[in-house]
Amino acid sequence: MMRAALIAPIDNSLYARLVASELQQQEGVQLCGMLVRSPWSWKRLRGELGRDGARLLAKIGQKFLLGDERFAEQAGENLMNLVRQRGLQMDSLRRMAREHDIPYLQAKDINDAASQRFLAGCAPQTIAFTGGGLVRKPILSIPEIGVLNCHTGMLPRYRGMDVMEWTAAEGQIGSVGMGVSLHLMDAGVDSGAILLKRSLTPQKGESMQQVRARLEVLMVQMMVEGVCALRDGNVQPQAQEAKAGRQYYVMHSRVREFAERMRARQVDKR
Amino acid sequence: MMRKVLARLLESCAKRLEGFTPPEEIKTTILKGVFELRIPDNADAKLQKEMDDLKALLWQLGWLKEEQIVLTEAHPLLKPDENWRALLDQERIFDAQGWQGGSAGKLLCLLEESDPLVQQAIKRTMEALLRHVEVKRQKSLQKFQPPLTRPQQRLERYAISILFSRYARQKGDLRFLNTALKMNEWFAKQDPRKTSMLEKACRLRALAEQELSARELLA
């Protein structure tokens, strides 16, 4: 039996809910705890405003005002379609925890002492991280196997922020590809050992947002696949070479516009 | 329905706020700024050199219709000496004590040097500096060694933006131009309007250097 805990960025995160629900249904996997970051914290707001700038406004609109409805007008593969396919009913992690008797904690800071005590008490072998900010060493050291993160980019080459856009901007869609990497988290940024990698081919006319929506579906599948592979002992994490990749940062809107042009150049004119 | 309208409103606000200054507007700002800078005949060598370098950049951008202007030799004070090179080797240009004031200009002088060991040392310093500016954002580059006055700090930050733009161009590494674009926007918002001629010239040069890199890397 693999004991897995979950860390989520907000209680109604669709990605986190799907991962939790899928893990709950796996034989030989026990969801032993859920740690959810509270959205109402001044520290969190300040941190995200500093990182995302004006983009935070759009994020608030999408995640808090629209919630799952934000997928309604999106064509193609996305998390909402996965919800429909799986018949997922549950609208919050809190509700799921209550219904399945899973220990649950909402915390202002996922690294604080209460969160550490909570997770240590759950005694997980692994933690599925679905967002919620930086994870510090005391939390990273709790599970015996490690904390799993699905990164929206091809590791080790593309670490950090906005890497899908950076892949396009650097003309690497064809060679490196757009994809998802499941890795164990360490003190660095996306620098831990890699478990699984998968890429997809962007279609002609497909926007970055649509590609991202497809990658999110892949992230759910890979997180569950990773936990099951660890349970069965048939995956060997591969350490990353520090020099094999670069760290990327939030993209300036002028570079972002260039990335979109580069995406079109690489994909639409193929 | 109401939630949808509000979400759309927030999204359009975000797009408007996130939008960047169009390159044409930046060009106008630079040319207007250069025109308004009336450098006296007896200007000191530093200011004169800054203006010459700025004009050389404008010429490279095709915005000056004069005969070719080439970059002049670096000021002797900017040339890296042995002590500074030792600090670079020991990765102490930028450490917990802060940024070694004057290092941006010295690094610019060294960019063309072919010694692979020097290039590796520069690379390490540039990556550390990039990470610091991106993580701390507007609060970055506040500690200098030895301590600098406020105008000197601003000059050093302009020099770092220039260094980022040129390094991006030299290495074909968009990440550094990305950070220079952000830095130049922060300067425009936070720096005082009334500054010395030297500061004005440096700020214009940071913008011109950014535009030259953008022309090469974002085309």
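Predicted model: local features only at pLDDT ≥ 70, side-chain atom pairs only at ≥ 80, totals over all residues.
Let me start with chain A, whose secondary structure comes to 10 helices and nine strands. Its C-alpha atoms fill a box of roughly 55 × 40 × 35 Å along the principal axes, and 44% of its 270 residues count as buried. A compact globule of 270 residues would have a radius of gyration near 18 Å, and chain A, with 18 Å, therefore agrees with that expectation. If we take the contacts in chain A between residues at least 6 apart in sequence, 75% of them join residues at least 24 apart.

Now to the place where the chains meet: 21 residues of chain B are in contact with 22 residues of chain A. On the side of chain B, helices H1 (2–18), H6 (116–136) and H8 (174–190) each supply at least two residues, and the largest share, 10 residues, comes from H1(B). Sorted by class, this side of chain B has 10 nonpolar, two polar and nine charged residues.

Finally, please look within chain B at helix H7 (residues 150–171) and helix H9 (residues 197–217), whose axes come within 9 Å and cross at roughly 15 degrees. Because angles under 35 degrees count as roughly parallel, H7(B) is described as roughly parallel to H9(B), and the crossing is left-handed. Among the residues that meet here are Leu155(B), Tyr158(B) and Ile162(B) from H7(B), and Cys202(B), Ala206(B) and Glu209(B) from H9(B). The residues of this contact divide into 10 nonpolar, four polar and eight charged.

Definitions and conventions. Residues numbered from 1 in each chain as written. Chains lettered and ligands numbered in written order. Axes fitted to C-alpha atoms, helices over the stretch in contact; angles between N-to-C directions. Helix = DSSP H or I, 4+ residues; strand = E, 2+ residues; numbered from the N terminus. Parallel < 35°, antiparallel > 145°, perpendicular 65-115°, else oblique. Left-handed = near helix turned anticlockwise from the far one by under 90°. Contact = placed C-beta atoms within 7 Å. Nonpolar A, V, L, I, M, F, W, Y, C, P; charged D, E, K, R; others polar. Rg over C-alpha atoms; globule rule 2.2 N^0.38 Å. Buried ≥ 20, exposed ≤ 12 C-beta atoms within 10 Å, placed from the backbone.
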